[in-house]
Amino acid sequence: MTLIIIAVFLVALAVLAYVVMTFYPSFGRRASKEEKRMISRSLNYKNGKFVYPTATVMMENSAGSGFSILKDFIKGNPRSRPQQPLIPVKLRPGSIQETGDTRVTWFGHSAVLLEIDGVTLFLDPMLGRSPSPFPFVGGRRYSKQLPAQISELPHIDAVLLSHDHYDHLDYGSIKQLKDKVGMFIVPLGVGAHLQRWGVSRENIREQDWWDEIRYAGLTLTSAPARHFSGRSLLDRNTTLWCSWIIQGSETKIFFSGDSGYGPHFAEIGEKYGPFDLTLMECGQYDPRWADIHMLPEQTVQAHLDVRGALMIPIHWAAFTLSMHDWTDPVERVFAAAKAQNVRLATPRIGEPVYAGSAEVPSLAWWK
């Protein structure tokens, strides 16, 4: 009788999990049969999943590693987040039009507002308080405010997404942003999530690696990254992930998205470099999952591989998704950049960086 009760409980739990992941909107939507047929034409799609060309180890692939990771997360690190909330610099929307320069405004983690050639782009605009399908149970953002609230933002010509993880694609943010955005330009399969959340299919463009699109006078190219995707237990790697190459009339920018180090950086550098500015992942790493998140020293090497001039480290200073000290990413990348003679900008959240400027923010504000 006890075994029957346990079996019924487990079945009920599985059914509940399936129902929640199917009907709770934050989990998004799986591609339809027609969408899957389109996706399956990709050279990066094998046996129903997207793959990176080089073997990539995920954090859960080893039982021993998985146990040690769980143990470390339970133990925690008191230095993994700031003692006091970070205070961002207040954004002045529209001020870029005064000069016409290319301006980058980092909103923390990987969210970047980019103004180039009079066009406003928002890269991975995760503006929610927690990178979780249930925001009330996830780790809170380090800052209580943003450089600008969504209601204060100007019209956004396009949102570019790198992949569908919660710390990059946020349901609440998209719901509030969608009526301000002209176009959503995303990796293959990600459009299904957006459609479920009320974005019109006509306002979505899905890209494979190396696909180029001309939009608002810019050339936007989806490029490889070494990572993975998924928003639930049922959809691992069913959507693509990517980096982005953004070319204006005089400025070229590389946005890494999430990525482990790999040969794709040198390939991007050969095809599209040099870049005036790179936005490079630097944070939420661990040697046990270095294949999907670069260590800071690899971040600097990746910047060199793509032939970047100025680098801004991103993917840090907003959420705790790893066990390292919250300042570890910027301290290590600062040292590695100095050793490799790489020009580094370290803006506060909300502090503008102007591409091509002789002076960029470089103070150690986190100390």
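How many helices and strands are there in the protein chain? I counted eight helices and 16 strands. Both are DSSP runs numbered from the N terminus: helices are H or I with at least four residues, strands are E with at least two.

**Ground rules.** I am working on a predicted model, where local features need pLDDT of at least 70, side-chain atom pairs count only at pLDDT 80 or more, and totals for chains, interfaces and linings use all residues. Residues are numbered from 1 along each chain as its sequence is written, and side-chain values use heavy atoms, with hydrogens and water left out.

**Whole chain.** I looked up burial next. Of the 367 residues in the protein chain, 54% are buried. Buried means under 20% relative accessible area, exposed over 50%, and partly exposed in between (1.4 Å probe, protein chains only). The chain exposes about 16,500 Å². Carbon and sulfur atoms supply 56% of that area. The areas come from the Shrake-Rupley method with a 1.4 Å probe; for residues, only the protein chains shown count as cover. Then I checked contacts, meaning heavy atoms within 4.5 Å. Among those between residues at least 6 apart in sequence, 69% join residues at least 24 apart.

**Cysteines.** I searched for disulfides, defined as pairs of cysteine sulfur atoms within 2.5 Å. The count is zero. Cys242 is buried at a relative accessible area of 1%. Cys282 is buried too, at 0%.

**Empty space.** Rolling a probe the size of a water molecule over the atoms shows where empty space is left. I used a 1 Å grid over the protein atoms alone: a cavity is a set of points where a 1.4 Å probe fits but cannot get out, a pocket is an open set with protein on both sides within 12 Å along at least five of seven lines, and lining residues have an atom within 4 Å of a point. Points are joined across faces, edges and corners, and a volume is the space filled by probe spheres set on the points.

The second largest pocket holds about 340 Å³. It has 22 lining residues, and the closest to its centre are Leu127, Gly128, Arg129, Asp170 and Gln176. The lining divides into seven nonpolar, 11 polar and four charged residues. For these classes, Ala, Val, Leu, Ile, Met, Phe, Trp, Tyr, Cys and Pro are nonpolar, Asp, Glu, Lys and Arg are charged, and the others, Gly among them, are polar.

I found one cavity of 30 Å³ or more. The largest cavity has a volume of about 40 Å³. Its lining includes Ser80, Tyr142, Gln284 and Trp326. That lining has four nonpolar, five polar and no charged residues.

Gln284, one of the cavity-lining residues, has a positive phi of about 65° although it is not a glycine. Gln284 sits in the loop between β13 and α7 (296-305) and is buried at 4%.

Asp124 also is not a glycine, yet its phi is positive, about 45°. I placed Asp124 in the loop between β5 (119-123) and β6 (156-160). Its relative accessible area is 0%, so I log it as buried.

Which residues does a cis peptide bond join? Gly273 and Pro274, with omega about -5°. Pro274 lies in the loop between α6 (264-272) and β13 (275-281).

**Tyr215.** Is Tyr215 buried or exposed? Buried, at 19% relative accessibility. Tyr215 belongs to strand β9 (residues 212-215). Leaving out residues up to four places away in sequence, Tyr215 touches Asp157, Ala158, Gly182, Met183, Ile185 and Leu220. Asp157 is 58 residues from Tyr215 in sequence and 9.0 Å away in space, C-alpha to C-alpha.
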